[in-house]
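Below is a short report on one protein chain, for reading beside the model.

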Amino acid sequence: MAETTTQQQPLVGWHKPELDLSRAEWQSSSRGLGDVQIAFVEGFIAMRNGERPESPSLIFTPAEWGAFVSGAREGEFDLT
């Protein structure tokens, strides 16, 4: 089977800047027990896999972060 590559197009309505996360101060999300790390950069919240920091980070606006955390607290997301 031949390998193919696809070009990703920017998401419609995506209005987030390309953040420089190289100097971000990453914090463990669960007192050092979990794999998720977060950082606050230029008014946004970045989240990454602490075991694979080279993998892409998710970027949230403060409102998106609040909705994510609220949903997680209500059991909407399984963070384990």
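Which residue in β3 is the bridge partner of Gln-37?

## Basis of the model

This is a predicted model, in which local features need pLDDT of at least 70 and side-chain atom pairs count only at pLDDT 80 or more, while totals for chains, interfaces and linings use all residues. Residues are numbered from 1 along each chain as its sequence is written, and side-chain values use heavy atoms, without hydrogens and water.

## Strands and pairing

The bridge partner of Gln-37 in β3 is Arg-48. Six bridges join β2 to β3, and the two strands run antiparallel; strands count as paired if DSSP finds at least two bridges between them. On β4 (residues 58-60), β3 also has an antiparallel partner, joined through three bridges. There, Met-47 has Leu-58 as its bridge partner.

Helices (H or I, at least four residues) and strands (E, at least two) are DSSP runs, numbered from the N terminus.

## The turn at Glu-42

Two residues lie between β2 and β3 in their hairpin. Glu-42 sits in this loop and has a phi near 50°, a positive value in a residue other than glycine. Most residues other than glycine have a negative phi. Glu-42 is exposed, because its relative accessible area is 60%; exposed means over 50%, buried under 20%, and partly exposed in between (1.4 Å probe, protein chains only).

## Nonpolar cores

The largest nonpolar core has eight residues: Leu-19, Ala-24, Trp-26, Ala-39, Val-41, Phe-44, Ala-46 and Ile-59. Both β2 (36-41) and β3 (44-49) supply at least two residues each to this core. Another core, of six residues, lies apart from it, and includes Ile-38, Ile-45, Trp-65 and Phe-68. A nonpolar core is a set of buried Ala, Val, Leu, Ile, Met, Phe, Trp, Tyr and Cys residues joined through side-chain atoms within 4.5 Å.

What does Ala-39 contact, leaving aside its neighbours within four places in sequence? Ala-39 is in contact (heavy atoms within 4.5 Å) with Ala-24, Glu-25, Trp-26, Phe-44, Ile-45 and Ala-46.

## Burial and surface

Five of the six residues of β3 are buried. Of the 80 residues in the protein chain, 22% count as buried. The accessible surface of the chain is about 6900 Å², with 51% belonging to carbon and sulfur atoms; accessible areas come from the Shrake-Rupley method with a 1.4 Å probe, and for residues only the protein chains shown count as cover.
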